[in-house]
Every structure is written in C-alpha cells, then in structure tokens.
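My entries follow in the order I made them.

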Amino acid sequence: MHLHDLWFILIAVLWIGYFFLEGFDFGIGILTRLLARNTAERRVLINTIGPVWDGNEVWLLTAGGATFAAFPDWYATLFSGFFVPLLVILVCLIVRGVSFEYRHQRSGERWQRNWELAIFWTSLLPAFLWGVAFGNIVRGVEIDQDKNYVGTLWDLLNPYALLGGLTTLVLFTFHGAVFAALKTTGEIRLRARVQATVLGLITAALALAFLIWTQIDSGNHWSLAATIVAVLALLGALGANQAGREGWAFGFSGLTIVAAVGMLFLSLFPDVMPSTLNPDWSLTVSNSSSSGYTLKVMTVVAVVFTPLVLLYQGWTYWVFRRRIGVQHIPATAHH
Amino acid sequence: MDLAVAHETISRWQFGITTVYHFLFVPLTISLASIVACLQTAWVRTGKEKYFHATKFWGKLFLINIAMGVVTGIVQEFQFGMNWSDYSRFVGDVFGAPLAMEALIAFFFESTFIGLWIFGWDKLPKKIHLACIWMVAIGTALSAYFILAANSWMQHPVGYRIDPATGKAQLTDIVRVLTQNTTLVQVFHTLTAAFLTGAAFVVGIASFHLWRAKQGKQPDKRKTAAMRTSLRFGLAIAVVAGLGTAISGDTLGKVMFEQQPMKMAAAEALWDTQAPAPFSVFAVGDVSKGHNSVALEIPGILSFLAHNDFSSEVPGINDIAAAEAAQHGGQPTDYIPNIFVTYWGFRLMIGFGMTSFVAALIGLWTTRRKFWLAPEHRTGEDEPPKLMLTKNREMNVFFTRWSWRIGILTMGFPLIANSFGWIFTEMGRQPWVVFGLMRTRDAVSPNVSVGTQVLGLCTLTALYAILAVIEVKLLAKYAAAGPDTDEKPPAKDPTLRGPSDDEDADKPLAFAY
C-alpha cells in the first residue's frame, strides 16, 4: 500500500473519530431544547459532556492539521472553497466553547438563558453544516484545473448536500439522545430513551435516502458493505434502546456514525475532492498528497501518539463514568 | 484601491487581528497553567490553606482565559486554508507537519487534562489531580514549541528543497525544522515573555488586593495571606522571566541580524550601512527619501546588538533593499517593510516589556521577607507587606501609594509588548510570507472574492470585540472579588474507584457547568 493511501485512511479515521465524539456533543447541545424541561435538566445534559467536549473537539483540529500536512492541496481547496460555511462553523465553535465555560460564571437568569440558547444554536448549525460539507465533497464540486473551487456559495446548497446536512443533524441528535440515556439518571433518562426512538426512526428514513443516493451516484462494493453495516447498526441501536440496553444502544449508534462516514470516504476513494467540471481536474490521493518523506515522518508521529491519545482520552471517560441526575447538580455558583 | 492589493490587504488585516487577539490569551494561558500548577503543588505538599485558595483563585482566572485561547486557536488553523490557500499549497509539505504534530501531541494533551482538572477535584486522588494541571502546563508549552517551529520556518526556511516538478517546497529534514536556532531562540523568547506576562498579571491583581488591605478596606486576612504569597511568587517569576526575555531577545536579535538583516535595519531605521552602527533612541524620517530627518542615537550600540562588539559594520536598509532587488528582481523599494511600524513596534516591545521587568525588580526588593528587615518592620503572613527601602527605612506614603498603583497599572504591559513584538517580526519580514521564497501577495486564496474576505474579516472582528467585552468584565469581576476563602478542599482524598458507600452516590458534584 502506498503511504498516501494509508494517510487517506488516517484522515478518514480522524473525521470518523470527530463525528463519533463531537456527534453526541452536538446532539446534547441540541437536546438542551428538545429534551431538557428546566435549567436543572439542561445543566444535567451539559455536564454529561462537560469534562470531555474540549478533548472531543481536538479531533477536528487534528483532522484539519493532518489534512494540511498529508494533503496540502485537499486542505487548500476545501478550506478556501467552502469559505462561508466554514466561517459559520468557526463562529459556532467559538461561541459554543465560550458558552460552556461562561454560562455558569454569573447567576443572572438572562445571562444563563442567553448562553443556553447559544449552546443550542451553535450545536445545531455545525451538525447540519458538516453534513452539507461532506455531501459536497463526495458529490464533487466545480474545481478548475488549478485545483481551485470556482462555484458559488449557492452551488454548495444543492438538494443532495442539504439532505446530507439533515442526515447528520438528526443522526447526531439521535446519537446524543442515546448518550444522554446512558449518562443520566432519573426521569430524564427515561425521556431520553423515548426521544431516542423517535429520533432514530427519523434518522433511519433520512440516512437510508442519503446513503442510497450516495451509493447510486458514486458508490462501489466497499461502500455498499459500509452502507449495510450502517443500516444494521442503526436498527441495532433502535432495538437496544427499546430494550433498555443503553450501553449497547450507544455502541450501535456510534457504529452507525463510523459506518456512515466510512461509507462516504469509501465512495470517495481514490479521489479526495472530485471535480464536476472535468474528471481530470479532480483532486486525488496521489495528485494532492505531500512528499513521501513528509508522509513517513507523519506516519511515525501518528503511530506513536494516536494510541497514547486514545488511552488517556479513554481514561477520562472512565473517570467520569458515573451517571448524573438533577440531584448531583450543585446550586449555581455562589456569586 | 486596486483589487489585487485589496485582496492581500484584507486577508492580512484578518490574520493580524485574529492572531494578535489570539496571542493575548496564549501567553497568559501558558504561564498561568504553570503558576497554578506550582501553587497547587505547594498546597499538596504543605496542606496550607493559603495555597489552596490561591490555586482556586488563579485557576478560575486561568480557565476564563484559556476558554478564549482555545476557541480563537481554531480560527488560526482554519484561516491558512481559507484565506491563504496558495500559501498552504506551497508550504503544506513542510509547514503542515509541525501543525499536525501540535494538534496530535499538544492540543489533545491540554484539552483532555484540562477537563480532568476542572471536573476532577472530587474524582481524582490529590496527587493525580495535581499531575493533570502539570500535564496542561506541559501541553501549552509543547503547543508553543510546534507552532513556533512552523513560524520559524517562515522566518528562515531550512530542511527543504523546491520540487522542480511542482515548484513547491518539500520537506527534506524535519529535525532541522524542529531544532534550527531560529526555532529554539524564538521558543525561548516567547516562553520567557509568556511568563513575564502571567507574572505581571498575578502581581497586578495581588497588588490590588494588598493595597486595599493596607487601606483597611479588606478585612479578610485569609484573602490577604493568599494574595501576599501570590505577589511574592509573581514578582520572583517576573524578575527571572524578565531577565530571560532580555537575554533571549538579545540572542534572537543577533540571529535576525544574520538571517533577516532587513528586519533589523528597519527596526532601527538604519538607512545607510554604518560601522560602527548606532542604536536609535528616537527618529523621524521620510520613507520615500530613504533617510531620517531627526535622529537621537547612541553610538556603537547597534553594532554590539548585532555582533557583540562596538565597531563592526551593520548593513542599512538602502543597501539591503538594493541587494534583494538585484537577487529577486523588481525595485529596491519593493523590499522595504513598513519602517514606521517596525521601528516603533520594536521600541514599544522593548519599552513595555522591560518596564514590567524593572517594576518587578523594585517590587521584589521592597517587599522582601522579614529575614532582611529590622524586627519592628516585619509583617505577618496574613498582612500586606510594608514597602522597605533599607533594613530600617520604609517608603514614604506618597511612594508607597504609587508603588502599589504601578504594580496594578503595569499589569497589562507585557501583553502590549507581546503584541508589538509579533507585529514587528511579522511586518518586518514583508514583502515575504516565507522569507526569500514566497511573497505575501502570492499567498492569498485566488478564488475567494474580496466581498467574501470582507465578510470574514468583519464577522470575526465583530465577534472578537463582543467576546473581549464579556471576557474582560468576567475577569474583572472575579479578579476584584478575590479568592473565595469559604471554599474547602474535599474532606477526604478521593479514590480512583469512586465512592463505595451509597450515601455518597447522590452527593452533588464538586464542580458543574
């Protein structure tokens, strides 16, 4: 296997890791409006991801950095081409991070309500926009011979990509509801299960449509296999959730994300950003990758440090393994 | 304005604003992480209450600050691709590697362990919890190292070749990129300056509380105890870091004289090559004519700054520009950076930074411990220190008042110095984005319209402005409130296995968002 193929897989793994982890973070943020009925419940939800959301978000930074290092042209074309959606995502991630840290710093009702609203919207928009972005990557966009995106913003908002956006939005919310059922205790836990069922069914409809559309447009044998895994995993998650097996349900909803995002990358390969103007202008793993030396250096770094990251991030989840209920939420800051 | 010029200018303004803004939080984060870690270490080792209160207090301000540092950092990584795609294509093979390493090695480290530290007070055994904040501190320093390695490559490209097929830079030696002298000295200079920044911040806020205590406006003695320790610790760090900043700055200057003579000539507004070369204290010049009309100079000092002796030759702007034009084509004026900004940026960097250092030096002496003082002037651990000139002589009321005020007022000086330092070094490199290899005007994303760029610039600037107001208000609120002396550490040391008895199962969390 050529190193740039390996790096295609590693980039896919980083994005999959990001969507798996920040997927439920986004979901929790959205559920602060859908599931939580009062401030205490909103705080329960926020605190289920409190210690981990920042580490989860680093998967995105690593995916971005690794793309820059391993596929400079992919990074350059993608980030300059999708300027406006990425700007919106940036604004959301900035406000969202600050919201988590600042909401509890003052006890004023308006202050807290505003930050809570911010958490909701800044979780919802990226969850949608990432789907739009990946829909466009897989579908192909107008890339010229200099590898520059020459389409407009409106070209990115095509039906296929918008369906992709809706799919990730609902899928992440479902994943978040399953996570909430796993991490909370008391009444909210039961309601999380019920909402998970509803969200899971909507996800099933949307994901099926999106994945079949993808499979017909740009699929291959491997992506078909991944599609089947994704669908089965989603059914598994629904079933486990119904049976009250929350750990299994979360495992399966996670597997759904892994398989669905994996499916997108499988149908993409060996392109990384196909051009709709001329297939010869498409960015591929070979024409947009770094030199062999750089890839070798980065491979060594990845092989040494990725397991380490998994180890200490995994440990964090173990440390904060206890379920949280309204009874665990301390009175608002004594200020 | 010419559209091509607008294209470059808008993206440069965005990069400048977002980077200077981001770098207000970075040095505070780096230094406060270590300062909090030291205070917590003191608490774990001695069990003294004042260290616990100090840890919690500075930890709180640290967290308000790091939140902004983290989120503004995301923009930094994205905007290379968004606004500077041709730059990204040209340098990605080299520049991407340290960036990816920063994310994989440093960012994961900081962000994971900060979560453990914030939420782990009642979950982790004391010593493991302490280790977490040290991990954060190490993570922040590592992060600085990798990003400075990347920046140093822009200042002085090494360990690469230009691929003849693509015309792009290609990495040939990662070890050189990570260990070249530009990288090492820049890291040394940035880290020492970061510690000066955090120390001045601590000194300023501690001075505020101690001055209030001195005036009898603050009766809580436990607060005073925590602040007194913080003041002394801050002053000591400021002196060591200030000295380190001066030494590393001098070293970096010598490296730059060799690698980017134009930047240093511009820093001095030294138009003509001179031997010996003087250090300019003040100058007013006419850039279009290529000389200064008014200049106050100290002879020989610039030669010393460049080469460690008082007589050697230092090349001037006009000669260097002519040489660069001969080498790369075009007019000599194409190679002259903005002299006004570099000249004054350099001076303000040194001025603000060193004022802070001198203030700390004086503060460290006048607040010295009882061992050096006559018995009747010694103050208790929970009292504000007297400002002592000699063993027996206290400062008079007027100077005492102003000393405390200066402690407070100089709190932000290193922040200003840092900003001018970056503006100086980045603008002094112009017209190059990668020195000698790529011009800034060739680095911009060609496919991003001016309108879109303006949208990006305005959105981020407006958002940053709003967040600045919120963050400064929050910092001011908590800084003015002082340590919460009612707060107590967990009654028993938590175990990793968690609470075993059921009565603990419903206990509220020690910390929650």
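Which elements do the buried residues of α12(A) pack against? I found α1 (3-34) and α3 (53-70) of chain A, together with α3 (85-119), β2 (169-171) and α5 (174-179) of chain B. Contact here means heavy atoms within 4.5 Å. I took helices (H or I, at least four residues) and strands (E, at least two) as DSSP runs, numbered from the N terminus.

Ground rules, for my own record. This is a predicted model, in which local features need pLDDT of at least 70 and side-chain atom pairs count only at pLDDT 80 or more, while totals for chains, interfaces and linings use all residues. Residues are numbered from 1 along each chain as its sequence is written, chains are lettered from A and ligands numbered from 1 in the order in which they are written, and side-chain values use heavy atoms, with hydrogens and water left out.

**Helix α12(A).** I looked up its length next. I then checked for bends and found a kink of about 30 degrees at Phe305(A), shortly before the proline Pro307(A). The bend is the angle between axes fitted to the seven residues ending at a position and the seven starting there.

I listed the buried positions of α12(A); among them are Thr294(A), Leu295(A), Met298(A), Ala302(A), Tyr312(A) and Thr316(A). Buried means under 20% relative accessible area, exposed over 50%, and partly exposed in between (1.4 Å probe, protein chains only).

**Helix α3(A).** I found 18 of the 18 residues buried, so α3(A) is largely enclosed by the rest of the structure.

**Crossing of α3(A) and α5(A).** I read that the axes of α3(A) and α5(A) (residues 83-102) come within 12 Å and cross at roughly 165 degrees. The two helices are therefore roughly antiparallel. Axes are lines fitted to C-alpha atoms, for helices over the stretch in contact, with angles from 0 to 180 degrees between N-to-C directions. Under 35 degrees counts as roughly parallel, over 145 as roughly antiparallel, 65 to 115 as roughly perpendicular and the rest as oblique. From α3(A), Trp53(A), Glu57(A) and Leu60(A) make the contact, and the α5(A) side includes Leu93(A), Arg96(A) and Phe100(A).

**Crossing of α8(B) and α10(B).** I found the axes of α8(B) (residues 261-268) and α10(B) (residues 317-328) within 9 Å, crossing at roughly 150 degrees. That makes this pair roughly antiparallel. On α8(B), the contact residues include Pro261(B) and Met262(B); on α10(B), they include Ile317(B) and Ile320(B).

**Loops of chain B.** I looked for cis peptide bonds. Ala275(B) to Pro276(B) is cis, with omega near -10 degrees. Pro276(B) sits in the loop between α8 and β3 (279-286). Gln430(B) to Pro431(B) is also cis, with omega near 10 degrees. I placed Pro431(B) in the loop between α13 (413-427) and β5 (432-434).

**Positive phi.** I noted Ala269(B), with phi near 50 degrees, in the loop between α8 and β3 of chain B. Ala269(B) counts as buried, at 6% relative accessibility. Lys147(A) has phi near 70 degrees and lies between α6 (109-139) and α7 (153-156) of chain A. Lys147(A), at 17%, counts as buried.
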